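Hi,

Here is the structure I promised to pass on.

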Amino acid sequence: MTNHITAVHYDPLEHTEEGERVELESPDTDSQLPNDGVPQGSSLTAAAPGSGNGDPSDAAARVYGQGPSLSPRKKALYGVSFVAVFAGLFGGLAALTQSKSRGVGDDDVRVQGPPASISVFVSRLSYFNESVLDGYDQCGDLELDLAEAIELLGNITIDNWATHHFSPNYYWYDYVCRGGGTGCIQPIMDDIILMEPEVAMREDVDSSAPPDDKVSSSPPNGGEDSFGTNNQVQGVDEADLVKSDGTHVFAAYTDKVMVWNADNGQLLSKTVIPTEDDEGIPLCSIMDASIKDCLTEMDTWLKNQALNQYGDALDTMYTGGSPLFDETTGEEKDRLHYLLEKFPEFECSSTVPSPIEGAKCYEYNPPYFMWWGWSNPEPIAISSLMLHEGKLIVVASSEYSLRGDQDSTILRNQKSTRVFVFDVSPQAIPIDGVSPLTLLSRKDFQGTYKTARSIGQYVHIVTSTDLNLETILSNRLSPRNEEFFKMNETEYRSGAYNILLDTAESLASNLTSELIEIIDPSGMDDCTKLAKVALMLKAADEDSNSTVLPSFTLNSALRTLTLVHSFDVSQGVATTGVSVETVTATSSGVFLPMQSYTSNVYMSSSKLVIAGESYVQNSNDGNWDEHTVFLVFNLANDTSTPESVGDVPGSLLNQFSMDHYFDENTQEDYLRVATTTWGRWGLINDTVWGQTQSSESQVTVLKIGGSSSTLEKVGQVNGIGMGERIYAVRFVGERAFVVTFMQIDPFYTLDMSDPTNPRVVGELKIPGFSNYLHPVNEDLVLALGQNTTEDGRTDGLQISLFDVSNFASPQRVRQYVETSSNSMSDAQYEHKAFRYLPESKLLILPLSVNPWCGSTDFATSFFDGFVVYDVDESRDFSKKFNISHVNPKDACDYCWSRDELSPRSLVFSGAVMTLKGHNVLSHELMDGTFRWALNLDNSTKEKHDFCYVWRMF
């Protein structure tokens with residue numbers, strides 16, 4: 001029978017038998033350590049009715065302590081916690097999650113197991129598969145699925161609370177290794193900082209397509225032009241923080257859009273992004289100030305009218321309390337609200353509409369733990385820009401939330417992504433340097449901004465929303481709550497479970513309402529645009545009579561809501577110049593836990609792919625292996641429709657790990673994916689800690705649109721880079737290039753011409769590694785990364801050129817290494833900072849050499865700016881000239897604003913423009929002759945409330 005894990009309750013007292021049971025179960029006394037060296041923690045076990053271990057009476061006996069007792073046990077725990085912490089910070093090697101608590105003894109370390117378990121039925125939810133595409137015709141079905149998923153999460157919470165609270169010695173947190181399972185840690189093999197920030201996505205069917213004309217071309221005057229974004233696919237424009245139409249440059253400067261002339265650097269316009277949302281709700285700081293000012297004005301007016309503070313005669317006496325108390329409603333009004341209603345003729349001078357106490361407003365809620373020197377973020381900051389035919393699309397993000405909503409709502413990040421459309425037609429751009437752009441339309445979206453792409457006039461924005469369920473359930477089911485005082489573990493489990501049943505229904509109802517408001521703001525209760533709720537855990541025996549699910553992670557369901565918002569930027573806008581129109585957009589959503597340590601969105605001209613993380617149980621050893629799941633959307637103008645799902649083993653590096661390929665011969669669509677399956681560490685023969693399984697990488701080909709909606713695996717090549725992980729990937733038509741690394745840099749060439757038989761053709765082992773691969777032509781690939789020593793330590797920024805004309809025997813034909821061992825470039829991890837000029841064969845890169853401010857050689861070794869390199873394959877690579885963006889003496893102790901330009905370079909008519917920090921500089925491309933400079937900060941200590949150094953060390 002097929003086992004669908006869900007969370008309809010099982011009451012052990014009623015002994016009913018319907019559906020299937022999920023049981024939070026302790027390991028047997030004689031259970032062995034898994035391969036990762038520590039117990040997997042509690043599990044959820046589903047037993048089918050009628051099976052030997054599925055008798056409800058047996059379950060009831062276990063719940064109430066009858067039958068065989070489970071004595072406390074101890075199992076070995078090895079490893080150093082801080083190693084895992086740093087591995088997680090720098091490489092995403094570990095994920096922090098609640099797990100089974102542990103007791104520490106003198107002779108060994110064991111897990112304190114719970115004496116009892118709680119069972120629940122399973123009937124509705126399944127692992128993330130093609131059923132999620134069915135969506136919901138009725139919102140009632142959505143609510144039922146949400147209730148089951150919440151009950152499942154609640155049982156995990158109860159199990160963790162019970163184990164932790166009633167164990168004499170325990171650790172609150174454990175680590176889930178990138179290889180899967182709990183307790184495993186992987187030592188850092190080198191000192192490389194594994195930076196993998198949010199970057200753009202792999203694009204389109206033909207990765208080798210030439211760039212758009214605006215990216216690199218020769219104008220009539222002979223000077224080279226290259227000012228477009230370094231897109232992955234022709235025709236799919238990636239959102240970036242700098243855009244240009246060839247005449248003007250538009251740049252994000254924290255909360256401001258700066259516009260200047262591309263030729264002479266004259267500042268033309270400065271637009272501050274509004275902090276109020278699309279309903280006009282302001283910041284609390286502004287609202288509170290407005291209330292205070294308005295009350296002061298009101299009190300002055302009352303005094304002049306010879307009235308008391310309530311607007312009555314000075315000698316008025318009140319009985320039964322103040323007039324602010326409303327006996328009909330039993331509520332007490334705030335004084336300002338009361339007075340404004342009483343004296344409608346009075347008007348506050350404040351520009352904030354309806355400055356009433358208790359009105360909605362946005363405020364920042366700082367994290368529980370804050371670093372030294374912490375300061376609150378800006379209320380709003382620009383995340384990306386897009387440009388289309390005289391319209392600038394600004395996507396801004398806010399970390400501020402509605403006052404009180406953090407405690408009352410389940411979905412976080414409400415209206416966190418805000419889209420503004422400005423008129424940037426030539427005649428509409430100001431020229432005085434201070435006037436703002438004209439706002440045409442705007443729209444606020446649910447969720448934290450992840451990425452955006454545009455295909456012509458059609459814009460697609462991806463956001464992600466966390467759910468507050470973990471906190472809500474943990475607080476509601478805590479054994480420290482008053483109703484659980486003096487209970488033992490068995491009593492707590494039973495009592496908490498009864499509370500969970502009502503809590504799950506209530507939370508599901510509230511969450512359904514919140515989802516409807518996001519997906520269908522028209523109020524028609526349309527849930528069809530939301531994919532079905534699914535589990536992100538798949539047991540090895542899912543199709544047998546029992547299923548085991550781990551409780552080491554709350555990623556099992558409802559972890560993250562991912563949303564795709566689409567709209568047509570050419571839609572009509574107000575022509576009067578007075579009103580601001582609302583962008584008309586469609587949104588679709590799926591509960592898919594996005595990997596926090598990498599970018600996971602890819603878009604071609606016809607497909608949008610979102611990747612998430614899941615765990616699949618290994619049938620050989622019972623461990624839980626990390627998998628990557630995919631949801632493929634079909635794009636049609638300004639709509640996105642989910643069409644396929646699938647999964648592969650391992651995890652992605654970044655967006656370059658995915659590629660949509662259309663086979664001209666078979667007329668079939670394929671998704672090509674490169675992933676790393678991480679190594680495992682644990683006890684060998686229960687005695688020695690060591691590596692039990694090596695990491696390896698694989699490239700998998702999945703067919704889109706086959707006989708079903710499931711992505712069909714048609715080809716795979718594995719065993720790539722044994723003991724290493726992927727550092728760079730590039731798919732180029734019928735070819736692919738993969739770089740792995742541990743101490744040396746194997747550069748692999750793969751033949752992808754036959755989707756059913758991808759194969760490694762060539763391999764080149766050289767020191768160092770590459771983070772970014774850039775095809776120059778059919779035979780040459782530029783690579784950017786780090787040189788390394790023999791023991792794998794980084795030794796300076798490295799530029800390499802690979803000759804792949806003999807595909808079976810790739811060769812590195814050119815190389816340039818910066819002399820400073822701590823030199824690095826933002827372009828290693830952000831390909832939009834990489835600019836290659838095919839005509840002049842020059843490479844423009846941001847470069848940073850950052851010694852400590854107090855070092856004796858700081859003045860001579862510090863550098864932060866750009867370098868223009870000669871990368872002509874016919875001669876040795878060389879440095880043409882440097883462009884410094886800050887004097888070393890101003891880098892550590894000068895007073896700068898918190899605004900900052902992201903490092904980018906553009907070329908206009910043979911002049912290179914560079915942006916970084918607070919400066920925009922222009923130089924002649926051929927010889928480095930200085931042309932002009934634009935300082936957006938002009939900073940002095942008197943100008944800023946708080947001083948920021950150029951770079952924080």
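One term before anything else: a residue is called buried under 20% relative accessible area, exposed over 50%, and partly exposed in between, using a 1.4 Å probe and protein chains only. Also keep in mind that this is a predicted model, so local features need pLDDT of at least 70 and side-chain atom pairs count only at pLDDT 80 or more, while totals for chains, interfaces and linings use all residues. Residues are numbered from 1 along each chain as its sequence is written, and side-chain values use heavy atoms, with hydrogens and water left out.

Let me start with Glu389. With 72% relative accessibility, Glu389 counts as exposed. Its phi is positive, about 45°, although Glu389 is not a glycine. You'll find Glu389 in the loop between strand 17 (381-388) and strand 18 (391-397). (Helices, H or I with at least four residues, and strands, E with at least two, are DSSP runs numbered from the N terminus.) Those two strands make a hairpin with 2 residues between them, and they pair in the antiparallel sense over 7 bridges; pairing requires that DSSP finds at least two bridges between two strands. Leu385 has Val394 of strand 18 as its bridge partner. Strand 17 itself is mostly covered, with 6 of its 8 residues buried.

Asn413 is another non-glycine residue with a positive phi, near 60°. Asn413 sits in the loop between helix 6 (405-408) and strand 20 (417-423), and it is partly exposed at 22% relative accessible area.

Next, the inside. What touches the most other members in the largest nonpolar core? That core has 43 residues, and the ones touching the most other members are Leu146, Leu467, Leu515, Val533, Leu558 and Phe591. Two or more residues each come from helix 3 (139-165), helix 7 (469-476), helix 8 (489-519) and strand 26 (560-568), and helix 8 gives the most, 14 residues. A nonpolar core here is a set of buried Ala, Val, Leu, Ile, Met, Phe, Trp, Tyr and Cys residues joined through side-chain atoms within 4.5 Å. Leaving aside neighbours within four places in sequence, Leu558 is in contact (heavy atoms within 4.5 Å) with Leu146, Ala149, Ile150, Leu153, Leu467, Leu469, Val533 and Phe591.

Helix 3 and helix 8 also pack on each other, at an angle of about 145° and with axes 7 Å apart. The axes are lines fitted to C-alpha atoms, for helices over the stretch in contact, and angles run from 0 to 180 degrees between N-to-C directions. The contact of helix 3 with helix 8 has 19 nonpolar, 5 polar and 6 charged residues, where Ala, Val, Leu, Ile, Met, Phe, Trp, Tyr, Cys and Pro count as nonpolar, Asp, Glu, Lys and Arg as charged, and the others, Gly among them, as polar.

One is an open antiparallel sheet of 4 strands in the order 43-44-45-46. Strand 43 (769-775) and strand 46 (811-817) are at its edges with a single partner strand each, so one side of each has no neighbour in the sheet. The twist averages 25° from one strand to the next. Strand 43 meets strand 44 (residues 780-788) over 6 antiparallel bridges, and Leu773 stands opposite Ala783.

The other open sheet also has 4 strands, ordered 52-53-54-55 with antiparallel pairing, and there the twist averages 10° from one strand to the next.

Cheers
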